[in-house]
Amino acid sequence: MKQTHTDWRKYRKSTHLASADLDAMETDGMPLIFTIAEVKFETGVDVSGTKMDGIFCYFTQPVKPLKLNSTNNKILAGFAKKGGLTGKDCHIIENWKGLTIELYVDRNVKMMGAITDGIRIKPILPVLQKVLPVFTEANFEPAHAQKATIEAIKKHYSITPEMETKYLQYGK
């Protein structure tokens with residue numbers, strides 16, 4: 001008999017992100033870093049069977065939207081301030097578009113007198129790895145004309161050992 005391993009969290013009926021969703025993503029090794037596509041105030045939204053008003057955050061990645069709470073709103077406003085917005089502009093939710101955030105599950109959230117799991121935004125902006133373009137033979141002529149060293153090329157491009165050897169031989 002074939003044994004199956006079904007994770008219940010992947011089959012929950014929910015319309016918006018919940019801690020179980022993040023737990024399942026984490027178990028699958030998915031990063032919990034998302035870029036905000038849009039934030040807007042909506043009324044009468046069906047959040048897993050309950051109609052509610054609130055501020056909702058939509059992402060560029062294929063993930064459910066997140067209903068924001070006051071704690072997460074304050075963190076986003078702080079990020080907007082660090083991004084150069086001042087005064088009331090930090091608190092304008094439409095200005096949060098484009099922010100990249102990291103979510104986590106806080107196991108100690110107080111809600112209606114009980115302790116429960118809740119989604120939080122990490123209060124530190126995630127450090128994103130810069131993806132460098134690949135250095136190819138098409139780059140040889142401009143790099144050679146600038147007398148670019150391998151060290152200078154590596155600051156701006158990803159270069160394979162084979163391409164590095166070819167470039168060093170170029171023009172000799």
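The model is a predicted one.

The sheet comes first. Five strands form an open sheet, in the order β3-β2-β1-β4-β5. Their pairing is antiparallel. In general, strands of a sheet pair through backbone hydrogen bonds, and the pairing may be parallel or antiparallel. Strands β3 (66-68) and β5 (114-121) stand at the edges. Each has a single partner strand, so one side of each is left without a neighbour in the sheet. From one strand to the next, the twist averages 40°. Strand β1 covers residues 33-47 and runs antiparallel to β4. Three bridges join β1 to β4. Thr35 stands opposite Thr100 in β4.

Two helices meet these strands. Helix α1 lies across β1, β4 and β5. Its direction is at about 125° to β4. Helix α2 (residues 70-82) also packs on the sheet. Helix α2 touches β1, β2 (50-59), β3, β4 and β5. The direction of α2 makes about 20° with that of β5. The length of α2 can be checked. Helix α2 has 13 residues, and at 1.5 Å a residue they should span 18 Å. The expected span is 1.5 Å times one less than the number of residues. The end C-alpha atoms of α2 are 18 Å apart, which agrees.

Which residues of α2 are buried? They are Asn72, Asn73, Ile75, Leu76, Ala77, Phe79 and Ala80. These buried residues pack against β1, β2, β3, β4 and β5. An α-helix has 3.6 residues a turn, so residues three or four places apart point the same way.

Helix α1 spans residues 19-27, and Ser19 lies in it. Ser19 has a relative accessible area of 17%. Buried means under 20%, so Ser19 counts as buried. Beyond residues up to four places away in sequence, Ser19 touches Val105, Asp117 and Ile119.

Charged pairs come next. Side chains of opposite charge can pair when their charged atoms come close. A search of the whole structure finds nine salt bridges. One of them joins Asp23 and Arg107. The closest N and O atoms of this pair are 2.7 Å apart. Asp23 lies in helix α1 and Arg107 in strand β4 (residues 100-111), so the pair ties together parts that are 84 residues apart in sequence. Are the two partners buried or partly exposed? Asp23 is buried, at 15% relative accessibility. Arg107 is partly exposed, at 44%. The pair also belongs to a network of salt bridges, which links Asp23, Arg107 and Asp117. Asp117 is also one of the residues that Ser19 touches.

Lys40 forms a salt bridge with Glu42. Here the closest N and O atoms are 4.0 Å apart. Lys40 is partly exposed, with a relative accessible area of 28%. Glu42 is buried, at 18% relative accessibility.

Lys154 forms a salt bridge with Glu164, and their closest N and O atoms are 3.4 Å apart. This pair links distant parts of the chain, ten residues apart. Lys154 is in helix α4 (residues 150-156), and Glu164 is in helix α5 (residues 161-169). Lys154 is partly exposed, with a relative accessible area of 42%.

How many disulfides does a search of the whole structure find? The search finds zero disulfides. Cys57 is in no disulfide, and the nearest cysteine sulfur, that of Cys90, is 17 Å away. A disulfide needs two cysteine sulfur atoms within 2.5 Å, so the distance of 17 Å rules out this pair. Cys90 is likewise in no disulfide, with the sulfur of Cys57 as its nearest, 17 Å away. Cys57 is buried, with a relative accessible area of 0%. Cys90 is buried too, with a relative accessible area of 3%.

Asn139 is in the loop between β5 and α3 (140-145). Asn139 has a relative accessible area of 18% and is buried. Leaving aside neighbours within four places in sequence, Asn139 is in contact with Val134 and Tyr157.

How values were computed. Residues numbered from 1 in each chain as written. Predicted model: local features only at pLDDT ≥ 70, side-chain atom pairs only at ≥ 80, totals over all residues. Heavy atoms only, no water. Helix = DSSP H or I, 4+ residues; strand = E, 2+ residues; numbered from the N terminus. Buried < 20%, exposed > 50% of the residue type's maximum accessible area, 1.4 Å probe, protein only. Contact = heavy atoms within 4.5 Å. Salt bridge = Lys/Arg side-chain N within 4 Å of Asp/Glu carboxyl O. Pairing = 2+ DSSP bridges. Axes fitted to C-alpha atoms, helices over the stretch in contact; angles between N-to-C directions.
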